Amino acid sequence: DPMALGMRGLSNSTSTLNASVINLLSDFGYASRSHWTKYLGGTPVSDSLFGLKYILSDQTVSPLYEEADSRKDITAYKNPYALGIVYGVDGDVAALNSEDFVSPFELMNETVTKMLGENETVELFKPIKFTDGLIGCTESKVSGHIKYEKKEDGKDTPSVTFYITAPNDMEIFTFFPSEYPREVKLTLNGANYDTYFANETRRIVSLGRYSPQQFITLKMTFSSDNLYLLDDTEYFYYLDEALFEEIMPRLQTHNMQIDSYDDTHINGTIDIDEKHDYIFTTIPYDEGWHVQIDGRDAEITKQFNSLLAIDVAGLEAGTHDITFRYMPDIYILGFWLTVGGVLVLILCVIISRKLNRRRWINSAEEAVTVVDTVGEEPYKELIDKDESDKKADGEAPIRDLLNQISEREARDANRGIKD
């Protein structure tokens, strides 16, 4: 768990995770549900957009990543195309809503297109045509879904098999959208592969790389009597790696140059121009974030209803100083409440000490009156305690008053005791 190891990673589980960010990662094809996210379902495109610079894995990853180090069975891969935590893009991306897309591949294509300010869609992911075959089930249309339902005779275990042909040797991915998920078992080219629609498998799945024109089968075996898959969408895509290698460096040109940072501050510079008039970040949106550009406060906004962004349209082209500072209003309120509480406590202590001293003096006056009448001997114990207190805290009200009486009697025996 990155939290336990002190890493800034994607895989986390806690009830305090930002719900909108969890949904966003799910929209982009990662395994992300409820109160957890896990690095499963990542692609070079999504990893780069969210700034995932290193991948730790015991399996082979995309050849677009570079092997950086290894320890026993774990290898660290570096993503040379990873974007920064803050980078400038075209303002067209501000209008995108990830929830409007049923396919994470189409969402990623459109996100990159808008970030670059292109008019024509940049198809990093290209769809692959497929056909399907049914065993032990029927097919119908229900509420925008294809419904595969077990036959009434129940002779065969119901399943749906998809047939595709690899168009080239690029990595092939699949994602099955559904508003009514039912867990199924996957069999790839006759071998058990995984499940789908379970918690960790409701995500993008890599089917691997194949020779051009190689025939591929993916079989879904039902665990219940029916299966629903969203209609009018593609399920299989391949990543155009040549286009990816051309496009991603264009986005990297406007990464923020970070001079210093910690958990609550980021300081640096960023280049702004006509085609990069919108600052995109991978920082979860929170009103506690405050941004200054060239020393002036900048208004923050939400991107994808979950990430912090800043619209800088109209700002003069060139290099600008930018500072992010996290200081929620509740922290400020808590600080002043704490200061107020401490001051009240100090005041209470001062008042309490004065009241206690007054009670001691009153008791001493009574004792002095009696001692003055009958002598010190009957009250020797009280006077001794008074002397003991003087050694402890430097004060002995009774003895002090007796001494004052002696001095006053020498001058005028009829004068009263004063504080």
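Strand pairing and salt bridges in a predicted model

Strand β5 (residues 66-71) runs antiparallel to β6, and five bridges join the two. This is a predicted model, in which local features need pLDDT of at least 70 and side-chain atom pairs count only at pLDDT 80 or more, while totals for chains, interfaces and linings use all residues. Residues are numbered from 1 along each chain as its sequence is written, and side-chain values use heavy atoms, with hydrogens and water left out.

Strands here (E, at least two residues) and helices (H or I, at least four) are DSSP runs numbered from the N terminus. Two strands pair if DSSP finds at least two bridges between them. Strand β6 spans residues 74-78 and also pairs with β4, residues 54-57, in the antiparallel sense over four bridges. Tyr77 of β6 is the bridge partner of Ile55, and Tyr77 is likewise the bridge partner of Glu67. The hairpin of β5 and β6 has two residues between the strands, and there Lys72 takes a positive phi near 55°.

The salt bridges come next. A salt bridge is a side-chain nitrogen of Lys or Arg within 4 Å of a carboxyl oxygen of Asp or Glu. By this rule there are twelve salt bridges. One of them links the side chains of Asp69 and Arg71, with an N to O distance of 2.9 Å. For accessibility, buried means under 20% relative accessible area, exposed means over 50%, and partly exposed lies in between (1.4 Å probe, protein chains only). Asp69 is partly exposed, at 38% relative accessible area, whereas Arg71 is exposed at 58%.

Another salt bridge joins the side chains of Glu110 and Lys114 at 3.7 Å, N to O. Both residues lie in helix α4 (residues 104-116), where Glu110 and Lys114 are four residues apart, about one turn of the helix. Glu110 is buried, with 19% relative accessibility, and Lys114 is partly exposed, with 24%.

A further salt bridge is that of Lys129 with Glu234, whose closest N and O atoms are 3.4 Å apart. Lys129 sits in the loop between β8 (125-127) and β9 (131-135), and Glu234 in the loop between β18 (226-230) and β19 (236-239), so the pair ties together parts that are 105 residues apart in sequence.
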